[in-house]
Amino acid sequence: MIAKLLFIPMFIASVMSYGQVKKKVGDFSVEFPSSPTYSVTPELSSYTLNTGNTILMTQVKSVDIPEYKEIMKRANPKEREFLQEKFYKAFIGGFSKTSGLTVIDVQDTYVGGYKGKRIDSLLYGKIEGFTLVALTERACVAFQFFFLNDSAEAYKEVTMFLSSIKPKDRKS
């Protein structure tokens, strides 16, 4: 009888943690509610998951400027900020043109300890969402969140995904 009573909480705990799938994404780790689809092209790699309530996506674009790290090390704080802002402006412009996003608002934010941007947008003019993008020493990493419906489950999925974003070791 006691064994049966102990089984129930252990079963519930295992079911609750079963769906979370941890992935390494650029200089971050993140947890999806279930297994995402992985794709890679010469330009970027991505994980995508459509839960029925949300579309959760990560995209990693390597920083392919060979001297980028050295330039950023030599630059003073004002120059670094200027270069990063130019990069973000170019990224947001290119991202919106190639991905069907209509940009509504752009705000400064932090993503896993890195200064970044939050881009509020519409996908194909109708699906609300937002993108968090961070420029790290090695890559540009974008985390995208789109709401397929206005349900408590959709907000829970986005909140869990958002809170799971953690930086990996920042050593080079």
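Predicted model: local features only at pLDDT ≥ 70, side-chain atom pairs only at ≥ 80, totals over all residues.
In helix α4, the buried residues are A154, E157, V158 and F161; buried means under 20% relative accessible area, exposed over 50%, and partly exposed in between (1.4 Å probe, protein chains only). Viewed down the axis of α4, these buried residues fall within an arc of 95°, so they line one face of the helix. The arc is taken from the directions from the helix axis to the C-beta atoms.

Residues are numbered from 1 along each chain as its sequence is written, and side-chain values use heavy atoms, with hydrogens and water left out.

**The whole chain**

The chain has four helices and ten strands. Helices (H or I, at least four residues) and strands (E, at least two) are DSSP runs, numbered from the N terminus. Starting at the N terminus, the order is α-β-β-β-β-β-α-α-β-β-β-β-α-β. Of the 172 residues, 35% count as buried.

Which strands do the buried residues of α4 pack against? They pack against β2 (28–32), β5 (54–62), β8 (127–135) and β9 (139–147), where a contact means heavy atoms within 4.5 Å.

Helix α3 has its own buried residues: Y88, F91, I92, F95 and S96. Their partners are β5, β6 (101–111), β7 (114–123), β8 and β9.

The table sets out the lengths; the expected span is 1.5 Å times one less than the number of residues.

| Helix | Residues | End-to-end C-alpha distance | Expected span |
|---|---|---|---|
| α3 (77–99) | 23 residues | 32 Å | 33 Å |

**The ends of α3**

What caps the N-terminal end of α3? N76 does, with a side-chain oxygen 3.0 Å from the backbone nitrogen of K78. Just after α3, G100 takes a positive phi of about 75°.

**A residue to look at**

Most residues other than glycine have a negative phi. Y124, however, has a positive phi of about 55° although it is not a glycine. Where is Y124? Y124 sits in the loop between β7 and β8. Is Y124 buried or exposed? Y124 is exposed, with a relative accessible area of 61%.

Terms used
Polar contact = N/O pair within 3.5 Å; in protein donor to acceptor, adjacent residues only side chain to side chain.
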